[in-house]
Amino acid sequence: MTALDKQRRKKLQAVVDKDYSYRSYYDDDIEVKGTGRCGFGVYAARQFQPGELVFEVTGQLIHKKHYVGSEYVMDLDKDWYLEPSTPGAFMNHSCSPNCELVQLTNFSLGVVAICNIEAETEITFDYAWEAFDWNPKCQCGARNCRGWVVSEEEVKKMKRLAKGRKKKPR
């Protein structure tokens, strides 16, 4: 078996996306589509008012003591993480989000608009991660962008960690 080169992988991924819809979702309210800058995102298909439920995030529950890591996992409560299914897995971070997550049930989260959201606008929330050496640089493009995908309180710590990254020999 040979490894796929980038061009062939991209071509075959397009077939998977088209024929099997793993990375697509659409209903009357939201849709998943390419962002042009950071993979896929969730977009409003209609206008949402502040305080309106945009959609429910469901998925696989993972006990925190068994967690091994994921780019998508969301904090559910003190004992459980939620590994979201589509469309929740494709919500992107913003330092100036238009939504927030609230716990709807013991097993799901709700995405709630915190401002007016027009149709065709990307639905985002603030990941507010704790600073670790693996945190990515932020690509949200907001005027108040913190530069890293971390909470506002963690920016100073993240800058120290980033300096440490540069000092390590590669």
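This is a predicted model: local features need pLDDT of at least 70, side-chain atom pairs count only at pLDDT 80 or more; totals for chains, interfaces and linings use all residues.
1. Helices (H or I, at least four residues) and strands (E, at least two) are DSSP runs, numbered from the N terminus.

2. An unreviewed UniProt entry places the feature "domain: SET" at residues 28–128. Within that span the model has 0% helix and 43% strand.

3. S1 (residues 25–26) and S2 (residues 30–34) are antiparallel and share two bridges, and a hairpin of three residues connects S1 to S2. S2 also pairs in the antiparallel sense with S3 (residues 40–44), here through five bridges. Glutamate 31 of S2 can be followed across both pairings: tyrosine 26 stands opposite glutamate 31, and glutamate 31 stands opposite tyrosine 43 in S3. The hairpin of S2 and S3 has five residues between the strands, and its glycine 36 takes a positive phi near 90 degrees.

4. A separate point concerns an open sheet of three strands, in the order S5-S7-S6 with antiparallel pairing. S5 (59–63) and S6 are the edge strands; each has a single partner, so one side of each is left without a neighbour in the sheet. S5 is joined to S7 (residues 80–84) by five bridges, and histidine 63 stands opposite tryptophan 80 in S7.

5. In soluble globular proteins, nonpolar side chains tend to be buried together. The largest nonpolar core here has 21 residues, and Val42, Val54, Phe55, Val111 and Ile123 have the most contacts inside it. At least two residues of this core come from each of S2, S3, S4 (53–57), S10 (109–113) and S11 (122–125). Another core, of six residues, lies apart from it and includes Ala131, Val150, Val155 and Ala162.

6. Beyond its neighbours within four places in sequence, valine 42 is in contact with residues including Ile30, Val32, Phe55, Pro87, Phe90, Met91 and Ile123. Its contacts also include Glu31 and Glu122.

7. The largest pocket has a volume of about 1100 Å³. It is lined by 36 residues, of which Glu71, Tyr72, Tyr127, Trp129 and Val149 are the closest to its centre. S6 (74–75), S8 (92–93) and S9 (99–103) are the elements that give two or more residues to the lining. S9 gives the most, with three residues.

8. Most residues other than glycine have a negative phi, and most peptide bonds are trans. The peptide bond from threonine 86 to proline 87 is cis, with omega near 10 degrees; proline 87 sits in the loop between S7 and S8, and is among the residues in contact with valine 42. Glutamate 120, in the loop between S10 and S11, has a positive phi near 80 degrees and is not a glycine.

9. Alanine 128 belongs to the loop between S11 and helix H2 (155–167). Is alanine 128 buried, partly exposed or exposed? Its relative accessible area is 42%, and the partly exposed class runs between under 20% for buried and over 50% for exposed, so alanine 128 counts as partly exposed.

Note on methods
Residues are numbered from 1 along each chain as its sequence is written. Side-chain values use heavy atoms; hydrogens and water are left out. UniProt positions are given in the numbering used here, feature names are shortened, and annotations may be inferred rather than shown by experiment. Two strands pair if DSSP finds at least two bridges between them. A nonpolar core is a set of buried Ala, Val, Leu, Ile, Met, Phe, Trp, Tyr and Cys residues joined through side-chain atoms within 4.5 Å. Buried means under 20% relative accessible area, exposed over 50%, partly exposed in between (1.4 Å probe, protein chains only). Contact means heavy atoms within 4.5 Å. On a 1 Å grid over the protein atoms alone, a cavity is a set of points where a 1.4 Å probe fits but cannot get out, and a pocket is an open set with protein on both sides within 12 Å along at least five of seven lines; lining residues have an atom within 4 Å of a point. Grid points are joined across faces, edges and corners, and a volume is the space filled by probe spheres set on the points.
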